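Please read the points below with the sequence and the coordinates open beside them.

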Amino acid sequence: MTTTIKLTAAQAMVKWLSVQMTENGERFIEGVWAIFGHGNVAGIGEALHGIGEALPTWRGQNEQTMAHAAIAYAKTLKRRRAHAVTSSIGPGATNMVTACALAHVNRLPVLFIPGDIFANRRPEPVLQQIEDMSDGTVSANDCFRPVSAYFDRIARPEHLLTCLPRALSVMTDPANCGPVTLAFCQDVQAELYDYPKAFFEPKLWRIRRPEPDPREVADLADAIRAARKPVIISGGGVLYSEAEAELAAFADKHHIPFVETQAGKGANSWEHPLNFGSPGVTGSASANALCAEADLVIGIGTRFQDFTTGSWALFRNPARRLASINLAGYDATKHSALPCVGDAKVTLMRLSPALGAHRGPDVDAASRADWLETVARVTAPPPADAPQNLPTDAQVIGAVQRVSAQNSVVMCAAGTMPGALQVLWQSAQGGYHMEYGFSCMGYEVAGAMGIKLARPDKEVICFVGDGSYMMANSELATAVMRRVPYTVVLTDNRGYGCINRLQIECGGAEFNNMYKDCNVDVQPEIDFVAHAASMGAHAEKVGSIAELEARIIAARGRNIPSILVIDTDAVPGTDAGGHWWDVAVPEVGGPERLERARARYNENAAHQRVFD
């Protein structure tokens, strides 16, 4: 006879989550971010209180941003551990949809547990319920379906016996990894059920390493031997596979240069002689030159996003072929690429012996040297006798670079800094964290906290513009309460400077991006120092590049976040690297500036190769 234990469904869920273990003997779900309200306060809330530190609960300030912290945590730990996030029904749940989409695009594991409407429908329509007049099974939580790797609705207590193992199997699957949403009907959370005791035995979850098909390895080896100008594009999958050393060894042995995407940057140090920087729209000139001439482009753990490929206008060699080493067959076959489906680390270990002693041709090291000289020039501090102009974003990056240490991690998500950092930041191995799959404004402040929680031994430096800071900053208060120290470099250019420059580049008028170009009665004077200090952070205004360097060093002794606000010039770009990006320009109806922009657009679009 099966031995059972009587628990509410919510108690059963948290008890089961508390015993799902990694190979290192740690909980896979380390804990739960929670904001309680109608839909989860009595069921899930009471269950979390009861289980205590066996599955700790942390309070956030906003449902979206506490999920951002969970995402950054999982990304930092290379998908080996994760957090859960629970919210009330209604706006609490829909606040998390953006974060769920962010996790889905970046293939990162987060467990979303929004409260849901009553399964018994007795109080219907319940407070905050979205009613579908043609489908009684729909709730606001159905918004999560297209942005979840797995979605389920817990409408009976016994559903947990199947949906929880399915949830963890997705979150630990290297090919299909992504966010899971379990919409938990609020009345069901409180229902009793006799669960099998065996269901709560500790379970070990391994991150598997699928072997590639030997035939695909052989095909790829043949393609590399036949190539005259091969290049490797190293993506985020290299990090998640922990294949950093294997990629460097492969590049060295077979003398193939590599470039790093936003997600893959920092897999290997910038000092590696075959690391030519980053490709694409915000890439280095040296990387883009290699990619333009390449006859074989070997993607490893990348989904060939438009920024990486220059909207598919970057690879201009008429004879070029694509090859793709990827766990997901969906990604491996994009754009008719020669696929090699398998774990990046294992695949490189199989591919190298198949190539034997083969070495690629000589590589033009001069272009790499030119790139490094350009970086040094644009990031240098202004001369002492220079006019007292506002510093550029490149000079701010240079200041942080000069005082960074081997354990420093820089992070960002949206606006000017992601592109500037990709082309200019010289990353130590493991020293770069960029959310650019979704490029979600508001990720930065919460994401920096998530990184520090995952790696307390690291110095975390968050770059954020004033526009992104204004969108979401409240988790500063959480970091203060939990004593999570990191440094925020807040560059204030008084608006959305990045999009303003894009507007100009596309022939548009400066409109509705910088405060000076907006329909307002009074120009804002936002005191970011006072704002951050009001939440308990250490905050100060920085008046120069030299002062910024000193303040970053001083922040290392604190146990709370440090916010360093510096005014910057919104006009200059990085003056380094770059490539065309497909942003549609109106064909008719504009002034001469639009006509010129459209001519440039047509010229570049002619190089696009969307199918081979």
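1. The helices α16 and α23 are oblique to each other, a label that covers whatever is left once angles under 35 degrees are called roughly parallel, those over 145 roughly antiparallel and those from 65 to 115 roughly perpendicular. Helix α16 spans residues 393–403 and helix α23 residues 545–555, and the two pack at about 40 degrees with axes 9 Å apart; axes are lines fitted to C-alpha atoms, for helices over the stretch in contact, and angles run from 0 to 180 degrees between N-to-C directions. Helices (H or I, at least four residues) and strands (E, at least two) are DSSP runs, numbered from the N terminus.

2. This is a predicted model, in which local features need pLDDT of at least 70 and side-chain atom pairs count only at pLDDT 80 or more, while totals for chains, interfaces and linings use all residues. Residues are numbered from 1 along each chain as its sequence is written, and side-chain values use heavy atoms, with hydrogens and water left out.

3. On the α16 side, Q395, V396, A399, V400, R402 and V403 meet I545, L548, E549, I552 and I553 of α23, where contact means heavy atoms within 4.5 Å. By class, this contact has eight nonpolar, one polar and two charged residues.

4. Helix α1 (residues 9–17) is largely enclosed by the rest of the structure, because seven of its nine residues are buried, that is, under 20% relative accessible area, with exposed being over 50% and partly exposed in between (1.4 Å probe, protein chains only). The buried residues are A9, A10, A12, M13, V14, W16 and L17.

5. Helix α1 packs with helix α6 (residues 160–171) at about 35 degrees, their axes 11 Å apart. The contact is made by A9, A12, M13, W16 and L17 of α1 with L160, L164, P165 and L168 of α6, and these residues divide into nine nonpolar, no polar and no charged.

6. The largest nonpolar core has 54 residues, and V85, F112, Y469, Y486 and I563 are those with the most contacts inside it; such a core is a set of buried Ala, Val, Leu, Ile, Met, Phe, Trp, Tyr and Cys residues joined through side-chain atoms within 4.5 Å. Apart from it lies another core, of 38 residues, including L17, V180, V188 and F200.

7. A72, in helix α3, is buried with a relative accessible area of 0%. Leaving aside neighbours within four places in sequence, A72 is in contact with H433, Y443, G447, G450 and I451.

Technical notes: Nonpolar A, V, L, I, M, F, W, Y, C, P; charged D, E, K, R; others polar.
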